Number of protein chains: 2
Amino acid sequence: MQRTDRAPGLRERKKAQRREALVAATHDLVRERGLDNVTVDEICAAVGVSTRTFFNYFPSKDDAVLGNSRQEIPDAASLEFVQGGPTGDLVTDIGHLLVVALDVPVLSTERLADVYDVVSREPRLLAHQMAWMEQQRVTYQELLEARRDVVPSPHDPELVALVLTGLIRAAFTRWHHAGGNGPPSAFVAEVVAECRALLAPDQAP
Amino acid sequence: MQRTDRAPGLRERKKAQRREALVAATHDLVRERGLDNVTVDEICAAVGVSTRTFFNYFPSKDDAVLGNSRQEIPDAASLEFVQGGPTGDLVTDIGHLLVVALDVPVLSTERLADVYDVVSREPRLLAHQMAWMEQQRVTYQELLEARRDVVPSPHDPELVALVLTGLIRAAFTRWHHAGGNGPPSAFVAEVVAECRALLAPDQAP
DNA sequence: TCTGACGTTGCACGTCGTGCAAGAATTCAT
DNA sequence: ATGAATTCTTGCACGACGTGCAACGTCAGA
């Protein structure tokens, strides 16, 4: 059970292949007919597996269209952030962290765009997506708390994490509007800058 | 069908009463046994209505525990905001708008705290909640776009709405941490101020 | 009291998702 | 290569969610 290296093995290959096929079939059918007009049985029929097997791969139909992707932050980057970040300025360092996080490949860029499309069309999926983002938020909040223990900061980790989540979404949206080419992380800088511009000009209290 | 005034009528009273009873029963049972160990039938049995009726009131079990509350922004406030807001400064006016919106009573303050508790314990409800917040976000974005048509602004409505959503959540969280007393809107000002402090200090680009 | 509108209920049905146990495929050891 | 062990797939039964429909009861207004 300690084989995280070496040859992928026939079993693992088949598994990944099936998972891919299931996601693809789900996307196709949903795009064509809408989420609620596609049954799990139909998806399974298209791929050629039993209904039961479907639920061995994904906990729910919705998870299948989302591809069940999970954003992982590289240890090196999160460690550096916790220890005071590359520059020492909180906002700037958050920007760096986001760029690194968004550059971790979870799905092919093309399928990622597919997911974005379907999600924006199906409210229920959006709920799933948001729940997923919430998990992300908790992760970021923990990082912020850890960093605060190292480098004192007057900012509330929860509030910062909340804003940060907004930044991620905004970056993704920009990326999508720009045609979905290249990495979403390319839009982090401009989003951060705009957010600064929004709140920076000190008004009369 | 044009009676938005005058006596509530026996029918309407019974309806509101039933709804209240259903939410209460749902909260009790869920708090006691967890969301997934409570069936709709049990809730209905506790209240004394048929299962079918339950779904006449709420589109899903989850909606029942959330109380299906929908945040309505008073027309007067949204109109003023669109036309350039009370002060003319975008961020300040957003603060005012949030205060007004959060002060609309949707549930009793006590039950609101219940909802918050249950939601933070049940991941699936969180998804629902987030979806609801997303609808809010769209509403705010539309307001921002309308305002921009009246008063030119360099800020992207989507980005602003995203940040704004974070502010609402943060205000609610503060309110909850403070014991859930008084209106959540009381925390808007401090959240906005902190957010400004976070992004205002201009760093070297 | 009568009449029409509205709400409730039971019933049948489709779909989702899970537990279980039998059977097939893959891996491993010899 | 052959058999044993592990892992995965599959069928089956089942509980729960949620909806459409039609019958029935109840409330509002004349």
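Guide: Helix α9 of chain A and helix α10 (residues 188–199) of chain B pack at an angle of about 75°, with their axes 11 Å apart; axes here are lines fitted to C-alpha atoms, for helices over the stretch in contact, and angles run from 0 to 180 degrees between N-to-C directions. That angle makes α9(A) roughly perpendicular to α10(B), since angles of 65 to 115 degrees count as roughly perpendicular, those under 35 as roughly parallel, those over 145 as roughly antiparallel, and the rest as oblique. The helices themselves are DSSP runs (H or I, at least four residues, with strands being E runs of at least two), numbered from the N terminus. From α9(A) the contact draws on A:Leu159, A:Val160 and A:Val163, and from α10(B) on B:Val191, B:Glu194, B:Cys195 and B:Leu198, where contact means heavy atoms within 4.5 Å. By class these residues comprise six nonpolar, no polar and one charged; Ala, Val, Leu, Ile, Met, Phe, Trp, Tyr, Cys and Pro count as nonpolar, Asp, Glu, Lys and Arg as charged, and the others, Gly among them, as polar.

The model is predicted, so local features need pLDDT of at least 70 and side-chain atom pairs count only at pLDDT 80 or more, whereas totals for chains, interfaces and linings use all residues. Residues are numbered from 1 along each chain as its sequence is written, chains are lettered from A and ligands numbered from 1 in the order in which they are written, and side-chain values use heavy atoms, with hydrogens and water left out.

Within chain A, α9 (residues 157–177) also meets the α10 of its own chain (residues 188–199), the two axes coming within 9 Å and crossing at roughly 125°, which makes α9(A) oblique to α10(A). This crossing is right-handed, a crossing being right-handed if the near helix is turned clockwise from the far one by less than a right angle, and left-handed if anticlockwise. A:Leu167, A:Ala170, A:Ala171 and A:Arg174 of α9(A) make the contact with A:Val188, A:Glu190, A:Val191, A:Val192, A:Glu194 and A:Cys195 of α10(A), and the residues involved divide into seven nonpolar, no polar and three charged.

In chain A, A:Asp156 belongs to the loop between α8 (123–150) and α9, and, neighbours within four places in sequence aside, A:Asp156 is in contact with B:Arg174 and B:Glu194. With a relative accessible area of 22%, A:Asp156 is partly exposed, where buried means under 20%, exposed over 50% and partly exposed in between (1.4 Å probe, protein chains only). In chain B, B:His155 lies in the loop between α8 (123–150) and α9 (157–177), and counts as buried at 16% relative accessibility. Not counting residues up to four places away in sequence, B:His155 touches A:Ala197 and A:Leu198 from the other chain, together with B:Leu90, B:Arg148 and B:Val160.

The secondary structure of chain A comes to ten helices and zero strands, and 47% of its 205 residues count as buried. Among contacts in chain A between residues at least 6 apart in sequence, 66% join residues at least 24 apart.
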